[in-house]
Amino acid sequence: MTEKTPATAGRIAFLGLGHMGGPMAVNLIKAGFDVVGFDVIPAAVAAATEAGVPCTSTAVEAATGAAVVLTMFPSGAILLDAYNGVGEPGLLEIAEPNTLFLDCSTIDVAQAREAAALALSAGHRSADAPVSGGVVGAEAGTLTFMIGAEAHDMEQLTGLLEVMGKKLVHCGGHGAGQAAKICNNMLLGISMIGAAEAFVLGEKLGLSHQALFDVISTASGQCWSVTTNCPVPGPVPASPANRDYVPGFAGALMAKDLGLALNALENAGVAAQLGPLAAQIYRKFSDEGGAGRDFSGIITEIRGKSQD
Ligand code: NAD
């Protein structure tokens, strides 16, 4: 099959033009795709319009006649409501048969699977493709996409997603992208708490940050939470610790992702201890002032509660 060029790929309804969706839609337009956007918040519509994304005044209007319905929403509940329709026709009902419903939001694995099953039973196609890389990656078109989709949809998905990202991983069938994302982020949350505890312990034992970094970064404790997002200022100049924990990856998003991991652990019956504990720690961090701080700011909580 010949890969479709943007001009022949059909229209993309881009729903959810927030921090991530707005710049992702702009990158699709820059690559020549026919995009129509919609968001429930007028300010998001205004910003997207200003950035060159033509917008409609309803989701149904955007999705009518679209070849792809791409969503970038805060939650799975919002996605399911949009698919099913609440007080108005649902997107699954009004879309042309065989439309590709592509959800790039980070949502519950069970809800992702439910959304895919609904799309398929309504005569459409479905893919979940959550991202990592944050707003910087969305703007630069360097996101990583973790994809849950049927193999026969990968050619079309690749043509679209490579415009917005630099790494695409086909993780398996429907829901596999969300599954991979929350497994990774659960490990990330746990490893950051571990890194922060190690640095506070090092401080108490009289080690300099640099000395401990030089050891961990080349020894068996090595991990992204130390080598790239180091929770103390100094050793890694680009880490958020050097700018008073301005995100980066916000505590609220880590708390959200660990909540999704917790649901998945429970549904899958995994005898996990650290995942649920990390979820509890980051929920508290987020609720008590850390929502807008980088998640590595958890070190200030640990240090603050430690004995002098
Ligand atoms: P955001 O809140 O900035 O954007 C979400 C947008 O969806 C909002 O503008 C909201 O008004 C809109 N929306 C809600 N309901 C809608 C509906 N029914 N129809 C149309 N629009 C609707 O959030 P974000 O930071 O852009 O994140 C989007 C998704 O990406 C989330 O699932 C998040 O977990 C995930 N994510 C975010 C980041 C990040 O760094 N911000 C990184 C990775 C993944």
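Reader: Why does Tyr245 count as buried?

Author: Its relative accessibility is 6%. Buried means under 20%. So Tyr245 passes the test and counts as buried. Keep in mind that this is a predicted model.

Reader: What makes the backbone at Tyr245 stand out?

Author: Tyr245 has a positive phi of about 65 degrees, yet it is not a glycine. Most residues other than glycine have a negative phi. Tyr245 sits in the loop between α11 and α12. That loop also holds Asp244. There, phi is positive too, at about 55 degrees, and again the residue is not a glycine.

Reader: Is Asp244 buried or exposed, and how do you know?

Author: Exposed. Its relative accessible area is 59%. The label needs over 50%, so Asp244 qualifies.

Reader: What makes the peptide bond from Pro247 to Gly248 worth a look?

Author: The bond is cis, with omega near 15 degrees. Most peptide bonds are trans. Gly248 is placed in the loop between α11 and α12.

Reader: Why are the rings of Tyr83 and Phe101 called a pair, and of what kind?

Author: Two steps. Their centres are 5.1 Å apart, and the limit for a pair is 6.5 Å. Their planes stand at 75 degrees, and over 60 counts as edge-to-face. So the pair is edge-to-face. Tyr83 belongs to helix α4 and Phe101 to strand β4, 18 residues apart, so this pair links distant parts of the chain. Both Tyr83 and Phe101 are buried.

Reader: How do you know which kind of pair Phe249 and Phe295 make?

Author: Run the test again. The centres are 5.6 Å apart and the planes are at 75 degrees, so this pair is edge-to-face. Phe249 lies in the loop between α11 and α12, and Phe295 in the loop between α13 and α14. The pair therefore ties together parts 46 residues apart in sequence. Phe295 has a relative accessible area of 0%, so it is buried.

Reader: How many aromatic pairs pass the rule?

Author: Four. Ring pairs also join Phe249, Tyr282, Phe285 and Phe295 into a cluster.

Reader: Why is Ile190 called partly exposed?

Author: Its relative accessible area is 22%. Buried needs under 20% and exposed needs over 50%. The value falls in between, so Ile190 is partly exposed. Ile190 lies in helix α9.

Reader: Which residues come nearest to the ligand?

Author: His19, Met20, Asp39, Phe73 and Lys256, out of 20 around it. An N or O atom in the His19 side chain is 2.6 Å from a ligand oxygen. A backbone N or O atom of Met20 is 2.8 Å from a ligand oxygen. For Thr106, also through the backbone, the distance is 3.0 Å. The protein covers 85% of the 830 Å² of accessible area that the ligand has on its own.

Reader: How do you know where the ligand lies relative to domain 1 and domain 2?

Author: Look at the shell. Domain 1 (12-172) and domain 2 (180-304) both give residues to it, so the ligand lies between them. By class, that shell has eleven nonpolar, six polar and three charged residues.

Definitions and conventions. Residues numbered from 1 in each chain as written. Predicted model: local features only at pLDDT ≥ 70, side-chain atom pairs only at ≥ 80, totals over all residues. Heavy atoms only, no water. Near = heavy atom within 4 Å. Polar contact = N/O pair within 3.5 Å; in protein donor to acceptor, adjacent residues only side chain to side chain. Areas by Shrake-Rupley, 256 points an atom, 1.4 Å probe, with all protein chains shown as cover. Nonpolar A, V, L, I, M, F, W, Y, C, P; charged D, E, K, R; others polar. Domains from an automatic or database assignment. Phe/Tyr/Trp six-rings, centres within 6.5 Å; stacked < 30°, edge-to-face > 60°. Helix = DSSP H or I, 4+ residues; strand = E, 2+ residues; numbered from the N terminus. Buried < 20%, exposed > 50% of the residue type's maximum accessible area, 1.4 Å probe, protein only.
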